[in-house]
Amino acid sequence: MRRPEHAPSRPTWRCRACGIAWPCSPAKLRLLAVCREDRDGLLSHLAALMEEAAVELGGAVLPARLAERSTGWARPRA
């Protein structure tokens, strides 16, 4: 049997595989690996997903917390 992918389960935005808030650690690692050479593209993709999550979660997560959860971890470190 194939394991579920570490992808968001909508409308809860929890990981299909491990059940924690998405993106979970395995999803973050995969996204960073796939977008290794395009950090701006990754951030754009995550921002679009964050907008979808904000609508689907309907205010269940504070905007600042959702932003940190969605894109904060992917910003380049100084």
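Student: Which residues are buried in H2?

Tutor: In this predicted model, the buried residues of H2 are Leu42, Leu46, Leu49, Ala53 and Leu57.

Student: What covers them?

Tutor: The cover over the buried residues of H2 includes helix H1 (25-34) and helix H3 (63-70).

Student: And which residues are exposed on the other side of H2?

Tutor: Asp40, Glu51 and Val55 are exposed there.

Student: How many residues does H2 have, and what does it reach from its first C-alpha to its last?

Tutor: Helix H2 covers residues 39-57, which is 19 residues. Its reach is 26 Å, close to the 27 Å expected at 1.5 Å a residue.

Student: What follows H2?

Tutor: Gly58 follows H2, and the phi of Gly58 is positive, near 55°.

Student: Changing topic, how many cavities of 30 Å³ or more are there?

Tutor: The count comes to one cavity of 30 Å³ or more. The volume of the largest cavity is about 70 Å³.

Student: Which residues line the largest cavity?

Tutor: The lining consists of Trp13, Trp22, Pro23, Leu46, Leu49, Met50, Ala53, Leu66, Arg69 and Ser70. H2 and H3 are the elements that give two or more residues to this lining.

Student: Where does the largest share of that lining come from?

Tutor: The largest share, four residues, comes from H2.

Student: How many of the lining residues are nonpolar, polar and charged?

Tutor: Eight residues of the lining are nonpolar, one is polar and one is charged.

Note on methods. Residues numbered from 1 in each chain as written. Predicted model: local features only at pLDDT ≥ 70, side-chain atom pairs only at ≥ 80, totals over all residues. Heavy atoms only, no water. Expected span 1.5 Å × (residues − 1). Buried < 20%, exposed > 50% of the residue type's maximum accessible area, 1.4 Å probe, protein only. Contact = heavy atoms within 4.5 Å. 1 Å grid on protein atoms, 1.4 Å probe; cavity = no way out; pocket = protein on both sides within 12 Å on 5 of 7 lines; lining within 4 Å. Points joined across faces, edges and corners; volume = space filled by probe spheres on them. Nonpolar A, V, L, I, M, F, W, Y, C, P; charged D, E, K, R; others polar.
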